[in-house]
Amino acid sequence: MSIRLPSVLVVDENAVRAAIIEAGLREAGHENVTIVADVRGIAGEIAILEPDVIVIGLENPNRDMLENVFQLSRAVKRPIAMFVDRSDRDSMEAAINAGVSAYVVDGLKRERVKPILDMAISRFNAYSRLERELEDARGALQSRKIIDRAKGFLMRSRGLTEDAAYALLRKTAMNQNRKIGEVAESLVLAAEMLGDRDGSDD
């Protein structure tokens, strides 16, 4: 069974450079390759084509052009590889910070396209995994804060120990088939409506 290679959208106004990129991709087995010459309105093209990866070729990107690419990178949440003929360190750092997965200066050769594309995908996936883990950690921390506030309210209003307050939250969550964090959040909101804000960490 053959593995379907990622679909690629190539954005490059330079026909020669675009042809080199396309040749490198097709030699590597990529069948679904689309070439677009104009970077303007590219977000609409991406919405229609839904490519797995985006390759952008630029000659000497100015700040406005780079800013457009960076906004695109943040919006589309896909691996982006950029080939530029000339650049400076600031532009390269700005590109990486904006989420461009691979930024190659003066290195466009047909045989290099596939390895660079693979690197862009790999970096993008690693970054996305880190982002998800960070979001999960933030969520867990926020949930823990809310549970602590709910426990504080129960301890004050019911005269419970911390362990007993947590046990009550857990039992309620099980009975209602909800997460303990959801039960705690409901309780904290109710407590705030009743004017109890002593348990707030804010």
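Colleague: What share of the 202 residues is buried?

Modeller: Buried residues make up 36% of the 202 in the protein. The term means under 20% relative accessible area; exposed is over 50%, and partly exposed lies in between (1.4 Å probe, protein chains only). This is a predicted model: local features need pLDDT of at least 70, side-chain atom pairs count only at pLDDT 80 or more, and totals for chains, interfaces and linings use all residues. Residues are numbered from 1 along each chain as its sequence is written, and side-chain values use heavy atoms, with hydrogens and water left out.

Colleague: What is the radius of gyration set against?

Modeller: A compact globule of 202 residues would come near 17 Å, but this protein has 25 Å. The radius is taken over C-alpha atoms, and the globule rule is 2.2 Å times the number of residues to the power 0.38. Along the principal axes, the C-alpha atoms fill a box of roughly 75 × 45 × 25 Å.

Colleague: How many helices and strands are there, and in what order do they run?

Modeller: There are 7 helices and 5 strands. From the N terminus the elements run β-α-β-α-β-α-β-α-β-α-α-α. Helices (H or I, at least four residues) and strands (E, at least two) are DSSP runs, numbered from the N terminus.

Colleague: Why do E2 and E5 count as edge strands?

Modeller: Start with the sheet. It is open, has 5 strands in the order E2-E1-E3-E4-E5, and pairs in parallel. Strand E2 (33-36) and strand E5 (102-105) each have a single partner strand, so one side of each is left without a neighbour in the sheet. The average twist from one strand to the next is 15°.

Colleague: What makes E1 and E3 a pair?

Modeller: Two strands pair if DSSP finds at least two bridges between them. E1 (residues 8-11) and E3 are joined by 4 bridges, so the pair meets that rule. Val 11 stands opposite Ile 56 in E3. Helix H1 (residues 15-27) packs on the sheet, touching E1, E2, E3 and strand E4 (80-84), and its direction makes about 175° with that of E2. H2 also packs on the sheet. It touches E1, E2 and E3, at about 165° to the direction of E1.

Colleague: How many bridges does E4 have to each of its partners?

Modeller: E3 and E4 pair in the parallel sense over 5 bridges. E4 and E5 pair in the parallel sense over 4 bridges. Phe 83 in E4 stands opposite Gly 57, and in E5 its bridge partner is Val 104.

Colleague: Why is E4 called largely enclosed by the rest of the structure?

Modeller: 5 of the 5 residues of E4 are buried, so the strand is largely enclosed. In a regular strand the side chains alternate between the two faces of the sheet. Here Ile 80, Met 82 and Val 84 point one way from E4, Ala 81 and Phe 83 the other way, and all are buried.

Colleague: What makes Val 84 count as buried?

Modeller: Its relative accessibility is 1%, so it counts as buried. Val 84 lies in strand E4. Its C-alpha atom is separated by 5.3 Å from that of Glu 59, 25 residues apart along the chain.

Colleague: Why are H6 and H7 called roughly perpendicular?

Modeller: Two packed helices are described by the angle between their axes and the distance between the axes. H6 and H7 pack at about 110°, with axes 8 Å apart. Axes are lines fitted to C-alpha atoms, for helices over the stretch in contact, and angles run from 0 to 180 degrees between N-to-C directions. Under 35 degrees is roughly parallel, over 145 roughly antiparallel, 65 to 115 roughly perpendicular, and the rest oblique. H6 and H7 are therefore roughly perpendicular.

Colleague: Which residues of H6 and H7 meet?

Modeller: Tyr 166, Leu 169, Arg 170, Thr 172, Ala 173 and Gln 176 in H6 meet Ile 180, Val 183, Ala 184 and Leu 187 in H7 (contact means heavy atoms within 4.5 Å). By class, that contact has 7 nonpolar, 2 polar and 1 charged residues. Ala, Val, Leu, Ile, Met, Phe, Trp, Tyr, Cys and Pro count as nonpolar, Asp, Glu, Lys and Arg as charged, and the others, Gly among them, as polar.

Colleague: Where is Asn 177, and what is its phi?

Modeller: Asn 177 is in the loop between helix H6 (162-176) and helix H7 (180-193). Its phi is positive, about 55°, although it is not a glycine. Most residues other than glycine have a negative phi. With a relative accessible area of 74%, Asn 177 is exposed.

Colleague: Is Glu 50 buried or exposed?

Modeller: Exposed, at a relative accessible area of 53%. Glu 50 lies in the loop between helix H2 (42-49) and strand E3 (53-58), and its phi is also positive, near 50°.
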